[in-house]
Amino acid sequence: MSQITQDMLMAYADGQLDGPERDAVAAHLTANPDAAIEISLFQRQNDAIQTLFAPVGAEPVPARLRARRLAAERGQRLQRRFGWAVAAVMLVGVGLGAGWLIRPMVDARPVSQTLIADAVNAHTVYVAENRHAVEVGSDDSEHLTTWLSNRLDTNLGMPDLSGEGFSLVGGRLLPGEPEAGGRAAQLMYENTDKDRITIYVTAALPDRTAAYEFATYDGAEAFYWANARITCTVVGTLPEGAMKQVSQAVYRQLTEGDVEAGRYRG
Amino acid sequence: MSDFLDQVEACVPALRRYARALTRNADLADDLVQDCLERAISRRGLFRPNGPIRAWLYTILLNIHRNGLRAARRHGETVDLDSVPEPSTPASQPGHLALAEMVRAIDTLPLEQKEALLLVALEGLAYQEAADILAVPLGTLMSRLARARASLRVATGTPAEPHLRTVK
């Protein structure tokens, strides 16, 4: 029985052997008192560990360690958490609904701001174009005038800005804000330094009241006014003085003949 | 599910015993068992392996214990051994090792040896089951047990020469 190993002795002491293996170790022990001592040592270690800690297993289990109670508490916790989640979702819903309802009050941005933003945006997009900067060129200015006037349902003349050093490049029709007829005309002018300005014209707003605004938007200067016939925004990146000069020329020419224009002439 | 809770409930005394021996602190041990039960209850059905519930509970308990020790090490909250109350030690009986010495010797074992030794010597688990709980091969478990027992022998002042060497 030379294949009795230390591990087998330990297993024997731990009661982990059965059948032939156990018998083999038992037989080995009768012939080897040292091994028997070894095993009794293991067993005494086991006994000591049992004596030290086994009594804990016989103690009454505290209430907080009752599996049923823990499961019930967990259920309540989940229910509460679900309740809170429902409440949170409802609060968010109420907030969204209320926000939507008071939206017209909060959305205080006046139409003029929207028109200026549209004008500046259109300016930025098309002044960068070379071959397609305009839809109809200045060489066909008569057609341009008729076409845009018809589309905007107003009489739109092409301002002459030669006095300010600008000549007409051409114009195009753009989609616009629904409040201002849904369409817009953009006229583009250029000077000898290839500086470009655009004029963004729409039909009048429903209230037809006059307004007047100078704004810097997105790096561009914008001069906006509205009257009973049209709204107009002059956009460019010239220095402020030059922009004012050009804007006043446009204003003069586009409001000429308007009955109400005189009051706002600058 | 009540069947599941019954089975868990039946394991609680053994879990408390094992946790107490691991931590040597009654409150810490019961906290450990409570965490273990809560985790087991929250994971029933979803994560429970097919094996016996008891083994699964020991695995959960050991994981929580190790994580707790890791966190304690990170935060530097070590518990002084002397401040931990000793379990009541009956006067040493003939044939028993000095129990106080034994407690101290077990406390100083490396955790992996202590986990293995207590699963086998205290909880009476089969080697293979203990190896599965600790997620180590059977051979690893055996060598941990052998090293633990050798340390206990030295620490408890009962030196003995190993007469038989493992034949490989």
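Biologist: Are B:Arg153 and A:Glu38 buried or exposed?

Modeller: B:Arg153 is buried, and A:Glu38 is buried as well. Here, buried stands for under 20% relative accessible area, exposed for over 50%, and partly exposed for values in between, with a 1.4 Å probe and protein chains only. The structure is a predicted model, in which local features need pLDDT of at least 70 and side-chain atom pairs count only at pLDDT 80 or more, while totals for chains, interfaces and linings use all residues. Residues are numbered from 1 along each chain as its sequence is written, chains are lettered from A and ligands numbered from 1 in the order in which they are written, and side-chain values use heavy atoms, with hydrogens and water left out.

The two side chains of your pair, B:Arg153 and A:Glu38, meet in a salt bridge with an N to O distance of 3.4 Å. B:Arg153 belongs to helix H7 of chain B and A:Glu38 to helix H3 (residues 33-53) of chain A, so this pair joins two chains. The term salt bridge requires a side-chain nitrogen of Lys or Arg within 4 Å of a carboxyl oxygen of Asp or Glu. As background, side chains of opposite charge can pair when their charged atoms come close. The helices (H or I, at least four residues) and strands (E, at least two) are DSSP runs, numbered from the N terminus.

A second bridge links B:Glu9 with A:Arg66, whose closest N and O atoms are 3.3 Å apart. This pair also joins two chains, because B:Glu9 lies in helix H1 of chain B and A:Arg66 in the loop between H3 and helix H4 (67-101) of chain A. B:Glu9 counts as buried because its relative accessibility is 19%. A:Arg66, by contrast, has a relative accessible area of 38% and is therefore partly exposed.

B:Glu123 and B:Arg17 meet through their side chains in a salt bridge of 2.8 Å, N to O. Because B:Glu123 lies in the loop between H5 and helix H6 (127-134) of chain B and B:Arg17 in helix H1 of chain B, this pair ties together parts that are 106 residues apart in sequence. Both B:Glu123 and B:Arg17 are buried. Elsewhere, salt bridges link A:Glu59, B:Arg16, B:Arg20 and B:Asp30 in a network.

Over all chains, a search of the whole structure finds 17 salt bridges, and the count between chain B and chain A is 7. A further example is the salt bridge of A:Asp14 with B:Arg149, where the closest N and O atoms are 2.6 Å apart.

Several helices build the side of chain B that touches chain A: helix H1 (2-23), helix H2 (26-43), helix H4 (99-107), H5 and helix H7 (138-155) of chain B each supply at least two residues. H1(B) gives the largest share of that side, 11 residues. By type, the residues of this side divide into 30 nonpolar, 9 polar and 14 charged. In this scheme Ala, Val, Leu, Ile, Met, Phe, Trp, Tyr, Cys and Pro are nonpolar, Asp, Glu, Lys and Arg are charged, and the others, Gly among them, are polar.

In total, 53 residues of chain B are in contact with 41 residues of chain A, contact meaning heavy atoms within 4.5 Å. The size of an interface is often given as the accessible area lost when the parts come together. Chain B and chain A bury about 4,400 Å² between them, 63% of it on carbon and sulfur atoms; such an area is what two parts lose in accessible area (1.4 Å probe) on being put together, summed over both.

B:Glu115 is located in helix H5 (residues 111-122) of chain B and counts as buried because its relative accessibility is 1%. Leaving aside residues up to four places away in sequence, B:Glu115 touches B:Tyr18, B:Leu22, B:Leu62, B:Arg66 and B:Leu134.
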